[in-house]
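Dear colleague,

Please find the structure below, handed over for your study.

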Amino acid sequence: MGVIFGLLIVVVLLAFAAAMLWFVYIVLTEARPRTLVAFVQIVAGVLVGMLSFDRWGEVFDTIRRNKLRTALTAVSVAWGIFVMVVLLGMGHGLNNGIRQSFRREATNGIWISANKTSVPYAGYGLGRHITFDNHDYDHALKVAGIEHLSGQFFIRGGRMGGGEMKIQRGVKSNAFAVNAVHPGAFYMGANEIIGGRFLDAADIAGLRKVCVIGRPVRDFLFPNHEDPIGQWIVIANVAFEVVGVYSDEGGEEEERQIYIPVSTAQLAFHGQDHLGMLELTVGNATAPEAKEISHQIVEQLAAAHQFSPDDPQAARVFDNVEGFSHFQQFFFVISVFVVVIGCGTLAAGVVGVSNIMMIAVKERTREIGIRKALGATPLAIVSMITQEAIFLTSIAGLLGLSAGVFFLQLLPSLVDTDLIRNPSIDIGVGALAAIGLVAAGALAGFVPARAAARVNPVATLRDQ
C-alpha cells in the first residue's frame, strides 16, 4: 500500500513537471505549428550536451563563480526533497503500524458479545444480563453473507475478562487462555496450522476432548522439540488430546492460547448451552454490507432474548470491516497530504532554481551576446542553461533523497513506537523520484534558458 502511494506521488510530480514544461514552452513559443519538433530538438540538445566536456567545463565554471548562491539554491532543493521523502516514508511506516494492529483479528471479522441491557424493553428494566445460546448460533448460520461463523463459550472470565486456566502436563503447569469455540474461529485471526489440524465439525458433534495449542504453549509443555500431536494435557482437571499446533501473526500473546470444542466445554465445565459471543467473517463484503449482516443477527438475538435491537449495550458489536474501512480513508487523507506537500516542496525548489538561473542569465547577458555573435544558435544557448539547471537540481535532490533515506533508517532507533513500523520508501520509488528531479531541473532551467536565447547580440554589445 505504501509503495502504491509512493508511486502515485512520484507519477503526479513527474506529470506536473512535464505538463508545466510543455505549457511554458508552448506559451513562450506562441504555439507555433512546429512546437513539438522544436521541443524535441531542445531535449536532444541537452542530451548531447551531457557528453560534451566543454559544456561541463562551462557549467562548473559558472558554479565556482557563484558558490554561495549555488549552495543556498542546492540547500533549498535538497530540503524540499528531504521533506518529501521523510513524509512519504513516515506515511508508509504509519500504514505498516496500523496494519500490524489489524493482524490480530481478521479485517473482515465481526464480534457480537452478550452484555447487559441499557434500555428498558417489553416490561424488562435495564441492567439485565443477556446470555446467548446454541440456538442463536444455529439461527445466525442462516443469515446470508456470512463466510465463517463461530460461537464462543466463556469458561472463566471471558475473552476480555481474563479467561486463563491452569494447564498441566506431568510436573509442568502454567496458566494459558482457553477458548471454547466452533471450527469457524480459526478464520477470526491470522492463524496458521504448523502441526496437526484445527478443530472440525466432528469434534463438535462428538463432544471430543481435543485441543489445539499455540507455539508458546507447545514449547512450555513439550520441551526439547517433543512432538505434541497425540499427547494429552490437563485443562482444569479435564484431560484433552492435542490434535494441532498453530502460529499467529499477531504475536506471542495471540499464541498463548488453547482452542477446545465449544460443545465439549459446555458439557465439561457446566456451561449448559450458553454462549458469550458470536464471531463471524463476511468475506469481501463492504462496510455497509457488513453492517447490515451484523444488524440482522442483532435483530435475531433481540427477538430471542427480549431486548431492544437498538440497545447498543445488550449485544455489543465490534465491526472490524468498518474499522478497517475508516483506517483506509484515514490513510488516503494522509497520502493526499503527502502528495500535496511533495508537490509544494518540489514546486518551491523549482521556482528557487528558476529564479537563480534568471539572475545568472542576467549577469551573463554580455557573454551570451558574444556567443550568439560568434555563431551560437538559440538551441545551444537553451541547452547550456537547461543543462546547468538539471545538474544543480539533480545533485541537490539526490543529496536530499539520500539524507531522507538515511533519516528513515535511523528513525526506529530514535523513536520506539509500534504506531510507526519500518518507515521506508521503495527502491523503485527512489528511482522514479530521481527521474522527477531531472524533469524538475529541466523545468527550472527552461524559462531563463528561453529568455537567454532571445538575447539580441547587437543590442547587448552596444549596451555593454
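At 40% relative accessibility, Ile194 counts as partly exposed (between 20% and 50% relative accessible area; under 20% is buried and over 50% exposed, with a 1.4 Å probe and protein chains only). Please note that this is a predicted model, in which local features need pLDDT of at least 70 and side-chain atom pairs count only at pLDDT 80 or more, while totals for chains, interfaces and linings use all residues. Residues are numbered from 1 along each chain as its sequence is written, and side-chain values use heavy atoms, with hydrogens and water left out.

Ile194 belongs to strand S6 (residues 191-196); helices (H or I, at least four residues) and strands (E, at least two) are DSSP runs, numbered from the N terminus. Setting aside residues up to four places away in sequence, Ile194 touches Arg215, Arg218, Val245, Tyr246 and Ser247, where contact means heavy atoms within 4.5 Å. Val245 is 51 residues from Ile194 along the chain, yet their C-alpha atoms are separated by 5.7 Å.

**Aromatic rings**

Tyr246, one of the residues touched by Ile194, also takes part in ring pairing. A search of the whole structure finds seven aromatic pairs. Rings of Phe, Tyr and Trp (its six-membered ring) pair if their centres lie within 6.5 Å; planes under 30 degrees apart count as stacked, over 60 as edge-to-face and the rest as tilted. Tyr246 and Tyr259 form an edge-to-face pair, with 5.5 Å from centre to centre and 70° between the planes. Tyr246 lies in strand S9 (residues 238-248) and Tyr259 in strand S10 (residues 257-261), so the pair ties together parts that are 13 residues apart in sequence. Tyr246 counts as buried at 1% relative accessibility, and Tyr259 counts as buried at 10%.

**Ser294**

Ser294 is placed in helix H10 (residues 287-305). With a relative accessible area of 7%, Ser294 is buried. Apart from its neighbours within four places in sequence, Ser294 is in contact with Ile110, Ile112 and Val317.

**The protein as a whole**

The protein has 15 helices and 13 strands. Of its 464 residues, 46% count as buried. Among contacts with a separation of 6 or more, 78% are between residues 24 or more positions apart.

Yours sincerely
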